[in-house]
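Here's a quick tour for someone opening this structure for the first time. Take a look at the sequence and the model, then read on.

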Amino acid sequence: MSTLTKTEDTPAATAPEAFLSVRDLRVRFSTEDGIVKAVDGLSFDVERGKTLGIVGESGSGKSVTNLTVLGLHNRKTTDIQGEIILDGQELNSAPEREMEKLRGNKAAMIFQDPLTALSPYYTVGRQLSEPFMKHRGASKKEARDRAIEMLTKVGIPQPQTRFDDYPHQFSGGMRQRAMIAMALMCDPELLIADEPTTALDVTVQAQILDLLKDLQQEFGSAIIFITHDLGVIANMADDLLVMYAGRAVERGTVREVLQTPSHPYTWGLLSSMPRLTGDIDEELVPIPGSPPSLLNPPSGCPFNPRCAYSGHVADSLCTTERPPLAPGRAAACHLTAGQKQTIFVNEIKPRLG
Amino acid sequence: MSNNVTLPEQQGPEAGTAATREPLLAVENMKMHFPIYGGFPIKRKVGAVRAVDGVDFQVFPGESLGLVGESGCGKSTTGRMVTRLLEPTAGKITYSGRDITHAKRRELAPIRSEIQMIFQDPYSSLNPRQTVGTIIKSPMEINGINPPGGREKKVRELLELVGLNPEHYNRFPHEFSGGQRQRIGVARALALEPKLIVADEPVSALDVSIQAQVVNLLQKVQDELGIAFLFIAHDLAIVRHFSHRVAVMYLGKIVEVADRESLYTRPRHPYTHALLSAVPEVDLDTEHKERIRLAGDVPSPISPPSGCRFRTRCWKAQDKCATDEPPLVQISGNKEGHLTACHFPEAPSIEARVEDVVMDPALAALEKDHTEG
Amino acid sequence: MLQFIIRRLLGAALTLFLIGAVTFFLFVAGPSDYASLACGKDCSPTRIGEIREALGLNLPIASQFWQFMSGIVMGRDYPTGHCDAPCLGVSFYSGDLVWDTIMDRFPLTLSLTIGGLAIFLVVGLGTGLLAAWKRGTAVDKIASGASMVLSSFQIYFLGPIVLTIFVYSTGWMENPKYVPFTEDPVGWLVGLSLPMIVMATIFTAQYTRMARSSMIEQLQEEHVRTARAKGLSQRYVFFRYAWRGSLIPIVTIIGIDISALLGGGVVTELTFSLQGIGQLAVMGATQKDLPLTMGVMLFGAFFILLVNILTDIVYAYIDPRVRLS
């Protein structure tokens, strides 16, 4: 077992085509209260043109991970270990200047709340033009043309005049479209979308999600899509990573993870979500307790204090030993494959309608 | 005041309709227009945000009515008027047969204890300088209620009821997690043995795994104490789970109201269709479900569209929709109590259509490229 | 925007009128006996009667008020002569027109304000920006520490020390004095350099701390992070994105400070024995020279209102949300 813990979290060794590889990422912040282990030994791969969904609750480390990929964390208070390899280039040790060349160019980000994520002081057009001028050496005129082209593409009416408007003059949905246009200005090969529709209304969310999917087909970007909403992820992602307390607890294709989930946390998430269809009176089964503090995470499996099935595991392994996440389709759990299968079929599946 | 909750005669949630029962709460043509000041050189009222612009609904004893809609539809304002945190600009609110639309503080006092509110944000709705015990006790003190065994005993009972440790009586809100704080909010609302609770987005600030804890608690409270709920939320799945009847709001109006079964499986209003279609589902095989993508955002409630308010984003809109406002009525073929405000209602089904409705021009263009390319 | 400015000007005019009215009723029509104060000690009842007559104090309150207010706008006549607009009355003590006295003193106060402002804005904001840019380093710690110490100093403490060192002990400099800028720019600067520097030192410390904290706050804004995520250089993000937002609280305080300084930096002027507006205000108050006190008050109020309007215009320039709403 101990050898396994050392090599844990190594996804499919057979993933040479991975465009982004993150290996054993550890992110620690020093705060007044102590050291926060925001990400603790995380590994994943993203393939070209594919979408990796990362799902988790607040404090699971999903946003931190992706700020780290682009080096947007505060370098003074953050300690980062592990490897981040984007298209053959190691980023964790790359100097700031290299990262600047990459950001907004080869890899771009879309943030959650477009109202606070766009500067109120500059026009939408200027904010769109900047990365194009910086990375492509384009003139103001060229950048303007490109920006108007992208605004048109994302469905902003009258892009020529909207170019000179400020973000506060846009509606919520239009602002998020402008943010997407901004991210796509330099044709990025990797797009990191951090809860891009959480601040939006559901009908607007549906428009934006479809738009992102259609644009991905056209631009061929790889996408990392971060969200807390399993419904959104089911619609967007090819592969799925479930995070809990700074670690990946389950990995697989979206279909595998959502249809035959095999980690008790994923079971908990799915059974605590009400559905739009199916049995109306099916009771929700919440996960008891609350997520752990990352200042002092539980020993062993971080989910053990909330897990209903830790009793099935012998030798109180759940509280003493951290379960590894095997390569490929896997869940980081001490339950045996047979136990998982039985519990899922007998207890969990009936709840999910 | 007795310690026992005055339970309305025990009835199943679906039991009884308007015909057989008196509503606990009746709202008629209720409006809330927030004035906008401007102009030159002297500021004057130049317009109004028509946050709620004529809504009618009833809540029956022990029933849960869900109010869904997107931001700016007026659902929260509606909740605040029902609890009389806001005074309506027009219309009538009747509670237990008494008109409370413009009731003064003194007249409201006895009713205030019967209508309680649960707020969205468990962080800012609890006074950080008071202990949990004080927070839950203060409504009883304000209303001069002395339960048998004393207020403190009652608080401990309430803490136990909402699933918190009664020993934590002397702790402060910051010592609790978000979900636990929301439980404190529930306990406070229950302290006065209310008959109606207005819950305004009670779980939307909570993590997914915690939401279900609070939803289950509210459901338990409702079932065991027979309290009626006005459940306001933007999450259609949670509303479906919690409410017996559901009203859909759009730009200050109720566009459709029905029992949940009808609303979620046989909706008639195009907006209800669009909303249901937009909800992303975990179920991966959704090809059987209709796909409707609206264009743009909700128009401004300062100058809402004439006639039917949804017409500017509706694929079925015709000239009539701009001139005549559709009344909220029972369309033939609908169950009793299923009311829809639409001139050209959709078929009562959410099955996939022959052709998707894609109103968004950018989406339509991209999808056309892809199918051709 | 023009509408906004006009509205603000109208508002300011109304406010000035109200301040004038309040001042008038407090001082002239109020409980203090204006005439006997004007007369001074050892005053005979006949003399008081004459003064009442001369100042029009026997007229009904309404006409007195009209005379007072119209005097400010159009000037008025006293038995002793004409008083041009803006007529703020005649000093009891010196018999001079209050407006003339204020105008005599104002160049000094204005000079101190401009000089001090230039120093503390450049040095204070510059140091604050540097500290924010080098946050956590020795530079930041020294700047923050020094500004913490200096901002707890007071002018009446620092002033005498500086005077002792530079003037009394070493004789390197003369006692501070005012030389009109138009006559001798160098003399103007040299003459006022000590008070300017002492005053600016204390303000500088405050502005350093404010600029630093405001910048650090802005650097944590999401839109600043977005700017970095676009690949813009740290320098560009710092000066274009964070700086713009951090200006709003700074401009607010600058406005408050300017109007306070123009109304007379009392402590600075007294510490360095300079004859400015602040010193005039003290004189008016100690000598119970009501017209003078009223005049200085109205004059100060005028600047507060003027600077408020200017501040709002600057807000609108910085933040399009103000401009376009």
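A couple of ground rules first. This is a predicted model, so local features need pLDDT of at least 70 and side-chain atom pairs count only at pLDDT 80 or more, while totals for chains, interfaces and linings use all residues. Residues are numbered from 1 along each chain as its sequence is written, with chains lettered from A and ligands numbered from 1 in the order in which they are written.

**Two domains in chain C**

Let's start with chain C, which splits into domain 1 (2-83) and domain 2 (99-323); those bounds come from an automatic or database domain assignment. Between the C-alpha centres of the two domains of chain C there are 34 Å. Where they touch, domain 1 of chain C puts in 12 residues and domain 2 of chain C puts in 11 residues. Being in contact here means that two residues have their C-beta atoms, placed from the backbone, within 7 Å.

On the domain 1 side, helix 1 (2-27) and helix 2 (34-39) of chain C each supply at least two residues. Helices (H or I, at least four residues) and strands (E, at least two) are DSSP runs, numbered from the N terminus. Helix 1 of chain C gives the most to that side, with 10 residues.

**Chain A meets chain C**

Now for the chains: 25 residues of chain A are in contact with 19 residues of chain C. Helix 3 (96-102), helix 4 (114-117) and helix 5 (124-136) of chain A each give two or more residues to the chain A side, and helix 5 of chain A gives the most, with four residues.

A residue is buried if 20 or more other C-beta atoms lie within 10 Å of its own, exposed if 12 or fewer, and partly exposed in between, with C-beta atoms placed from the backbone.

| Residue | Phi |
|---|---|
| Asp315(A) | about 60° |
| Leu251(B) | near 45° |

Asp315(A) sits in the loop between helix 12 (264-271) and helix 13 (317-320) of chain A. Because Asp315(A) has 9 C-beta neighbours inside 10 Å, it counts as exposed. Leu251(B), for its part, is in the loop between strand 9 (245-250) and strand 10 (253-259) of chain B. Leu251(B) has 25 other C-beta atoms within 10 Å, so it is buried.
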